[in-house]
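Hello,

I am handing this structure over to you. Please look at it first; my notes on what was found follow below.

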Amino acid sequence: MANRNEPYLIPELFEALQSERLSFFSTVDAETGAPFMNAISWVYALNDTTLRIAVDSRSKIIHNIHKNALVSLAVFASESAYTISGSAKILSSHLEGVPLKTSVIEVSIKEVRDVMFYGSRITVEPVSEKTYDLQAAEKLDGQIMEALKQETIQ
């Protein structure tokens, strides 16, 4: 199903983005104009046209979005690779009840592309593993993911 283009998340991709998932988030570097990519995991599909992403408030990602709202997210799901492009805005620079100063980015999806090359599929999706205090990591991940699911964020 390579080269599929949609203006919204297809059901399989929406479902994959209902829980924490290793993804690659790209912004436009505010100083150089070059692509700037980060590995992230706090991504949540609020609906089929909106993503919520949480990052440390000190991240260069925040500065980049203030200068240029165009972003894209690369995700492996449903045996394929997808890019999700859109326009971002900073919803909040602090999540209530979360100990880490975390900003929430909301992405209005403009295009979803299946970018897997013809005649192939992903057989094993990449996964990440926390290497610090696992109990603290699980607690923080849970707090942030629950906050991203809220209809309104202050």
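Helix H3 covers residues 134-148, and at 1.5 Å a residue its 15 residues should span 21 Å; the end C-alpha atoms are 21 Å apart, which agrees. The expected span is 1.5 Å times one less than the number of residues. Helices (H or I, at least four residues) and strands (E, at least two) are DSSP runs, numbered from the N terminus.

Before the rest, a note on the source: this is a predicted model, in which local features need pLDDT of at least 70 and side-chain atom pairs count only at pLDDT 80 or more, while totals for chains, interfaces and linings use all residues. Residues are numbered from 1 along each chain as its sequence is written, and side-chain values use heavy atoms, with hydrogens and water left out.

Helix H3

The buried residues of H3 are Ala137, Leu140, Asp141, Ile144, Met145, Ala147 and Leu148. They cover an arc of only 155 degrees around the axis, which puts them on the same side of H3. Here buried means under 20% relative accessible area, exposed over 50%, and partly exposed in between (1.4 Å probe, protein chains only); the arc is that of the directions from the helix axis to the C-beta atoms. Gln135, Glu138 and Lys139, on the other side of H3, are exposed. The cover over the buried residues includes S4, S5 and S8, where contact means heavy atoms within 4.5 Å.

Lys130 is in the loop between S8 and H3 and Asp141 is in H3, so the pair ties together parts that are 11 residues apart in sequence. A salt bridge is a side-chain nitrogen of Lys or Arg within 4 Å of a carboxyl oxygen of Asp or Glu. Asp141 is buried at 9% relative accessible area, whereas Lys130, at 26%, counts as partly exposed. The whole structure has nine salt bridges. Another of them joins Lys149 and Glu146 (3.5 Å, N to O). Salt bridges that share partners link Glu20, Lys130 and Asp141 into one network.

Helix H2

In helix H2 (residues 60-67), Ile61, Ile62, Asn64 and Ile65 are buried. Seen down the axis, these buried residues fall within an arc of 165 degrees, so they line one face of H2. His66 and Lys67 are exposed on the other side. Asn64 has a relative accessible area of 0%. Not counting residues up to four places away in sequence, Asn64 touches Thr27, Val28, Asp29, Ala30 and Phe36.

A polar atom of the Ser57 side chain lies 3.0 Å from the backbone oxygen of Ser93.

Nonpolar cores

A nonpolar core is a set of buried Ala, Val, Leu, Ile, Met, Phe, Trp, Tyr and Cys residues joined through side-chain atoms within 4.5 Å. The largest has 26 residues, and those with the most contacts inside it are Leu9, Leu13, Leu17, Phe25, Leu51, Ile84 and Ile105. Apart from this core lies another, of 13 residues, which includes Leu46, Leu95, Leu140 and Ile144.

Regards

Terms used: A polar contact is a pair of N or O atoms within 3.5 Å; within protein, one must be able to donate a hydrogen and the other to accept it, and residues adjacent in sequence count only if both atoms are side-chain atoms.
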